[in-house]
Amino acid sequence: MHSDDPQQRKLLRVCRIGRAQGLKGEVNVRPFTDEPERRFAPGSILYTEDGSREFRVLRSRTHRDRWIVLFEGVTDRNASEALNGLELYGEPATEEELAEEDAWYPEDLIGLEARWDEENQLGHPAGEVIGTVTNLLESPAQYLLEVAVPMPTEDDPEATAPVLVPFVDEIVPEIDLDEGYLTLDPPGGLIPER
């Protein structure tokens with residue numbers, strides 16, 4: 001079973017099992033991870049959300065834009081059809097692994113200051129604060145950062161407006177968790193002028 005350490009981060013959603021593939025227990029899975037090669041490698045262990053059941057990967061392969069996985073103990077089509085719709089979760093990477101890979105978890109971004117990138121195409125002063133990241137949303141096409149941008153009014157000098165920013169390298173070129181900020185280089189019109 002997964003770690004009982006109270007300091008451990010919660011399990012991360014890795015995939016949703018889809019329909020059966022063939023007669024020998026394989027299933028199609030929809031990955032929600034940016035490292036499916038690691039998560040679906042033979043010997044990898046995935047869990048139900050509550051951690052009560054574990055699924056060991058025996059083998060996996062890709063076919064076009066999907067993954068086909070065989071889990072230990074799932075030996076026929078009936079067993080694989082019974083798993084349809086089940087979401088599986090995995091252990092998070094350690095802080096050391098994240099640092100080595102220059103990676104982060106979505107919840108690490110919440111609360112970061114959003115600042116203008118030093119080479120922003122709109123000519124704003126580098127490092128000037130735009131707002132604060134309040135959420136990371138999943139859309140069908142990509143992730144979106146929700147940034148609360150100050151928009152003071154006469155009635156409410158503390159008012160903010162939520163702005164959705166595509167979470168892509170071209171628009172979010174730098175993330176510095178240690179210093180508590182990320183930089184933005186958005187196209188014109190994405191961030192409202194104050």
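This is a predicted model: local features need pLDDT of at least 70, side-chain atom pairs count only at pLDDT 80 or more; totals for chains, interfaces and linings use all residues.
Confidence to start. The protein chain averages a pLDDT of 87, and 89% of the residues score at least 70. Strand 7, residues 113-116, has the highest confidence, at a mean of 96. Helix 3, residues 95-101, has the lowest, at a mean of 60.

Now the salt bridges. How many does a search of the whole structure find? It finds 10. One of them pairs arginine 56 with glutamate 72, with the closest N and O atoms 4.0 Å apart. Arginine 56 sits in strand 4, and glutamate 72 in the loop between strand 5 and helix 2, so this pair ties together parts that are 16 residues apart in sequence. Arginine 56 is partly exposed, at 32% relative accessibility. Glutamate 72 is partly exposed too, at 47%.

Next, glutamate 35 and arginine 38. Their side chains meet in a salt bridge at 2.7 Å, N to O. Arginine 38 is partly exposed, at 39%.

Then glutamate 113 and arginine 115. Their closest N and O atoms are 2.9 Å apart. Glutamate 113 has a relative accessible area of 28%, and arginine 115 has 23%.

Glu154, Asp155, Asp156 and Glu158 form a negative patch. Where does aspartate 155 lie? In the loop between strand 9 and strand 10.

Last, glycine 85. This residue lies in the loop between helix 2 and strand 6. Its C-alpha is 8.2 Å from that of arginine 19, 66 residues away along the chain.

How values were computed. Residues are numbered from 1 along each chain as its sequence is written. Side-chain values use heavy atoms; hydrogens and water are left out. Patches are made of residues with over 30% relative accessible area and no salt bridge: like charges are joined within 9 Å, nonpolar side chains (Val, Leu, Ile, Met, Phe, Trp, Tyr) within 5 Å. Accessible areas come from the Shrake-Rupley method with a 1.4 Å probe; for residues, only the protein chains shown count as cover. Lys and Arg count as positive and Asp and Glu as negative; His and the chain ends are not counted. The place of a charge is taken as NZ of Lys, CZ of Arg, CG of Asp or CD of Glu. Helices (H or I, at least four residues) and strands (E, at least two) are DSSP runs, numbered from the N terminus. pLDDT is the predictor's confidence in each residue, from 0 to 100. Buried means under 20% relative accessible area, exposed over 50%, partly exposed in between (1.4 Å probe, protein chains only).
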